[in-house]
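Trainee: I'd like to slow down and look closely at one part of this model with you. Could you walk me through it in one go, starting from a single residue?

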Amino acid sequence: ITFSAAISACEKGGQWPWALQLLRVMGNSCVAANLLTYSAAISACEKGAQWLRALDLLVFMGGAAIVASTVTYNAAISACE
């Protein structure tokens with residue numbers, strides 16, 4: 001929950017590099033990311049105009065067997081606009 005809250009705060013603050021860094025730290029710490037975590041990271045990328053990173057995260061979610069929600073897809077699509 002702490003990682004998800006921190007990534008959400010990064011998203012709200014437009015700090016996409018920190019959001020992605022926290023996502024990496026989660027993986028290195030053996031803490032599993034979930035739908036909320038990925039959605040917040042994708043939204044952070046969207047707000048930072050990082051469409052390629054947003055799409056990379058969407059693909060990575062699929063590989064991790066996390067089913068994206070409508071909100072997640074919308075954030076990824078908006079990142080591409």
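Leaving aside its neighbours within four places in sequence, which residues is leucine 20 in contact with?

Mentor: Leucine 20 is in contact with Cys45, Arg53 and Leu57, once neighbours within four places in sequence are set aside. Keep in mind that we're looking at a predicted model. Leucine 20 sits in helix H2, which covers residues 16-28. Its relative accessible area is 10%, and since anything under 20% counts as buried, leucine 20 is buried. Another landmark is tyrosine 38: it is 18 residues away from leucine 20 along the chain, and 9.5 Å separates the two C-alpha atoms.

Now follow those contacts. Cys45 belongs to H3, while Arg53 and Leu57 belong to H4, and these three also turn up where H3 and H4 meet.

H3 runs over residues 35-47. With 13 residues, H3 spans 18 Å from first C-alpha to last, close to the 18 Å expected at 1.5 Å a residue.

Take the H4 side. H4 is residues 51-63, and H3 packs on H4 at an angle of about 165 degrees, the axes being 8 Å apart. Because that angle is over 145 degrees, H3 counts as roughly antiparallel to H4. The crossing of H3 past H4 is left-handed. From H3 come Leu35, Tyr38, Ala41, Ile42 and Cys45, and they meet Arg53, Ala54, Leu57, Leu58, Phe60 and Met61 in H4. Sort that contact by class and you get ten nonpolar residues, no polar ones and one charged.

Then there's the H1 side. H1 (residues 2-12) packs against H3 at about 15 degrees, with the axes 8 Å apart. That angle is under 35 degrees, so H1 is roughly parallel to H3. The H1–H3 crossing is left-handed. Here Ser4, Ile7, Ser8 and Glu11 of H1 meet Leu36, Thr37, Ala40, Ala41, Ser43, Ala44 and Lys47 of H3. By class, the H1–H3 contact has five nonpolar, four polar and two charged residues.

Have a look at Ser43 while you're there. Serine 43 is part of H3, and it is buried, at 13% relative accessible area. If you don't count residues up to four places away in sequence, serine 43 touches Glu11 and Ala75.

To finish, step out into the loops. Alanine 49 lies in the loop between H3 and H4. Alanine 49 isn't a glycine, yet its phi is positive, about 55 degrees. A relative accessible area of 57% is over 50%, so alanine 49 counts as exposed. Further on, in the loop between H4 and H5, is alanine 65. Alanine 65, also a residue other than glycine, has a positive phi near 60 degrees. Alanine 65 is exposed, with a relative accessible area of 68%.

Technical notes:
Residues are numbered from 1 along each chain as its sequence is written. This is a predicted model: local features need pLDDT of at least 70, side-chain atom pairs count only at pLDDT 80 or more; totals for chains, interfaces and linings use all residues. Side-chain values use heavy atoms; hydrogens and water are left out. Axes are lines fitted to C-alpha atoms, for helices over the stretch in contact, and angles run from 0 to 180 degrees between N-to-C directions. Helices (H or I, at least four residues) and strands (E, at least two) are DSSP runs, numbered from the N terminus. Angles under 35 degrees count as roughly parallel, over 145 as roughly antiparallel, 65 to 115 as roughly perpendicular and the rest as oblique. A crossing is left-handed if the near helix is turned anticlockwise from the far one by less than a right angle, and right-handed if clockwise. Contact means heavy atoms within 4.5 Å. Ala, Val, Leu, Ile, Met, Phe, Trp, Tyr, Cys and Pro count as nonpolar, Asp, Glu, Lys and Arg as charged, and the others, Gly among them, as polar. Buried means under 20% relative accessible area, exposed over 50%, partly exposed in between (1.4 Å probe, protein chains only). The expected span of a helix is 1.5 Å times one less than its number of residues.
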